[in-house]
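Subject: Handover of a structure and the findings from it

Dear colleague,

Please find below the structure that I am handing over to you. The findings follow it.

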Amino acid sequence: MEEILPRLKGMLKDATVISSDATKFEITITIVKNINGNVAEPDEIIVMLKMYGGLREDIPMEINIDNDTQSILLKFQNEEDFKKVAKIMETLWDNAVDMLTSAIEGDISRIKDIPDIDD
Amino acid sequence: MTDPKAIENNPFKELGEIPEKKYPNGYTVDSTYITIRDGVKIAITLCFPKGLASDTKIPTVLTQTRYWRAMELRIPFRWILDSMVPNAPNPEVVTSRGYALIYTDVRGTGASDGTRIVPFSEEEIKDGSDVVDWIISQPWSDGNVVSKGISYTGITAQLFPKNNHHAIKAVIPGHACWDPYTEIAFPGGCFEYAFMQLWSFLGKNLDLNNPKVFRQIRPEAWLLVKGVERVSSDKDLKLLQIAINQHKSNQYVYDHTLSRDFRDDNLPDGTIFDDISIFARKEKIEKSNVPILAWCSWLDSGFGDAIIKRFMNLSNPQIAILGDWSHGAGYPANQFFPERTFVTPTPKDKVNAWINFFDKCVYGDGIQGKIIYYYTLAEEKWKKSEVWPPKGHSYQKWYFSENYSIIREEPKENIGSDDYKVNFRATTGRNNRWWALLGLPITYYNRNKIDEKLLCYTSQPFESDTEITGQIIACLYISSTHEDGTIFAYFEDVDENGKVTYITDGEFRPLHRKILTDEPPYKILIPYHSYKKDDSAPIIPGEIMEVKFGLHATSVLIKKGHRIKIAIAGADKDTFIRYPNEGRPTITISRNKEFPSYIELPIIKKE
């Protein structure tokens, strides 16, 4: 795992396209790399935002997953919620990899703040 | 780290160089369920070399685990990484060498159906045979199956030949036990609560597919891992959920052992410890004559002793290797060189050595006879022997003496003893040989400071280099103020500057002090204690008793000018349960003409 860490951020950015529509309060994550199995379960999206993105509140959102197009559509009820998650998405992949790298190196300070996520 | 310059007798060199890859273009991965004899579905993951022609048949490496055969990753990592297979051999190395690789969740674990009451059960062993039947019925199989693993998967590999299946050609049990009572759960009859509790906690959470268990133990795994990997056809996770529901009836060793003391106490399904041990299956393993390559470390729990017991007791063609690393060789563990940062050989070098062994057994003439390779600490050399103990072996007694010394001469005085009020805060910490079973590093640092809480006896400087290889025997004449207790004996090196280095230790509950003259269940080189209820007896307060037991095996060079030290404790609070559970005993170690406490060192004289 250690040998692949330096490349993980680039791999995530190459494998995904994130787009947003501020008028419709929608964020779309498209996995452009061909993957086996389902893209995700809806609860995994929430876990991802809380675990790696620092989301600490329950934001209502509609989650639509299309396994054929490998896309995840997040629809929010208002601009404020949309902007919060859009901001998280800007650095989500970098945060995820940084947290993993720190944990592998023995630094768990960033993990301590993660709430008890219902897996 | 094993000194890379120590090439002579290095088993990883002697097991062959790295050959060319037969299939260098990667591998395919798939998973499925096999329905075995009683209807239980066993989840398997299969890796095949890419580029394998449809009419080519290949042998199979099988690994059977209770720790999730493969892990499904969390998003977003799952989108870019293959599932993690931490408990299996490296798929890239194995498949490139022309083997299929299959790893399974044993019944009652992972994505497999069923329930489990005890580990290493007869059912679990037979399941391996059913899996082999499936493997050799596949069009790609050449009819040969080998097995390897580390820790639990090493034990399943060790037990695999008991099936006497014609297809099983060789096994590599790495860091595997022989006698789980004395090597894991009750070393010296003392309940090792820390590992038993944590291992049971880990098992329970894994079996319920709960990755939260990793948050404290392996936080990087918690960040990455969602749970056990489903079988690929189980798109809606229904089969996985059925399996997990069945696992809710599982039972765990900590609950079985917490209130027990003796080797012959019943486990819930009516078995006793011996029934789930390797030695109880010795006859059938030997009958298979399957070649064995067993490897481990001097510093890993009681598993280093298991390598020697297996070597002495199984007639199977055998290679045994004892190095200086942690459980599974994830970390260097040589206490003489704590600054070392990596283990030699590398994981890839090891796997190639293992595959060379398998090649010999599948395609060649196999191996003949037995040989054991062992690494001598401080000397930093590999040695090898066809017998155990090695040639040149003899015992040398060192007697406890006045002024907290230990000398070669027997005491001549009629009086002489030392008192020690047990300090129940004494500890070897949470990175000792027992916690190492959880995959943690091994560090016995600050021995100078820790010994301040203990009763210590130190020799004069040695006049010449002396190799000690085997199990040191402690013979203590002690009395106690209480009816129960534990003796911990730490054997240490003291250099010219006074720095103390841990070498090995032993622990013993005097309740079990009776030495039997009956033939033990397997050959040993230390006093035979049965650890059975009928042979036990409480301490009689104030009465001197002989307490004689073996420390865990080691190989070390005490250099000229260095001293040896034996440190006595009555507790190791972070690992072993305290005996007695109330009160604070004072133990008295006698060191006089009538009751001459001593240790016996297994010395190897060079030819």
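In which sense do strand β3 and strand β4 of chain A pair, and over how many bridges? Strand β3 (residues 61–66) and strand β4 (residues 71–76) of chain A pair in the antiparallel sense, over 6 bridges. Pairing of two strands requires at least two bridges found between them by DSSP. Strands (E, at least two residues) and helices (H or I, at least four) are DSSP runs, numbered from the N terminus.

Two remarks on conventions are needed. This is a predicted model, in which local features need pLDDT of at least 70 and side-chain atom pairs count only at pLDDT 80 or more, while totals for chains, interfaces and linings use all residues. Residues are numbered from 1 along each chain as its sequence is written, and chains are lettered from A and ligands numbered from 1 in the order in which they are written.

Chain A

The hairpin of β3(A) and β4(A) has 4 residues between the strands, and Q70(A) in the turn has a positive phi of about 55 degrees. The bridge partner of D66(A) in β4(A) is S71(A). On β2 (residues 26–31) of chain A, which is joined to β4(A) by 5 antiparallel bridges, T30(A) also stands opposite S71(A).

These strands belong to an open, antiparallel sheet of 4 strands in the order β1-β2-β4-β3. β1 (16–21) and β3 of chain A are at its edges with a single partner strand each, so one side of each has no neighbour in the sheet. On average, neighbouring strands are turned by 15 degrees against each other, direction ignored. Helix α3 (residues 79–104) of chain A packs on this sheet and touches β1, β2 and β4 of chain A, its direction making about 145 degrees with that of β4(A). Such angles run from 0 to 180 degrees between N-to-C directions, with axes fitted as lines to C-alpha atoms, for helices over the stretch in contact. Contact between two residues means that their C-beta atoms, placed from the backbone, lie within 7 Å.

Between the chains, the contact takes 13 residues from chain B and 21 residues from chain A. The side of chain B that touches chain A has 8 nonpolar, 1 polar and 4 charged residues. Here Ala, Val, Leu, Ile, Met, Phe, Trp, Tyr, Cys and Pro count as nonpolar, Asp, Glu, Lys and Arg as charged, and the others, Gly among them, as polar.

Chain B

Chain B is divided into domain 1 (11–385) and domain 2 (393–604), with bounds from an automatic or database domain assignment. Their centres, taken over C-alpha atoms, are separated by 33 Å. In the contact between them, 45 residues of domain 1 meet 46 residues of domain 2. On the domain 1 side, α6, α12 and β11 of chain B each supply at least two residues, and the largest share, 6 residues, comes from α12(B). That side has 24 nonpolar, 12 polar and 9 charged residues.

An open sheet of 10 strands with mixed pairing runs in the order β1-β2-β5-β3-β6-β7-β9-β10-β11-β12 in chain B. Within it, β10 (residues 318–323) and β11 (residues 370–376) of chain B pair in the parallel sense over 5 bridges, and I319(B) stands opposite I371(B) in β11(B). Helix α12 (residues 303–313) of chain B lies across β9 (292–297), β10 and β11 of chain B, at about 150 degrees to β9(B).

In helix α9 (residues 238–247) of chain B, the buried residues are L240(B), A243(B) and H247(B). They cover an arc of only 60 degrees around the axis, which puts them on the same side of α9(B); the arc is that of the directions from the helix axis to the C-beta atoms. Buried means 20 or more other C-beta atoms within 10 Å of a residue's own, exposed 12 or fewer, and partly exposed in between, with C-beta atoms placed from the backbone. The face turned away from the buried side of α9(B) carries the exposed residues K238(B) and N245(B).

Backbone details

Most residues other than glycine have a negative phi, and most peptide bonds are trans. N209(B), which is not a glycine, has a positive phi of about 60 degrees and is buried, with 21 other C-beta atoms within 10 Å. A cis peptide bond joins I75(B) and P76(B), with omega about 5 degrees, and another joins Y579(B) and P580(B), with omega about -10 degrees.

Yours sincerely
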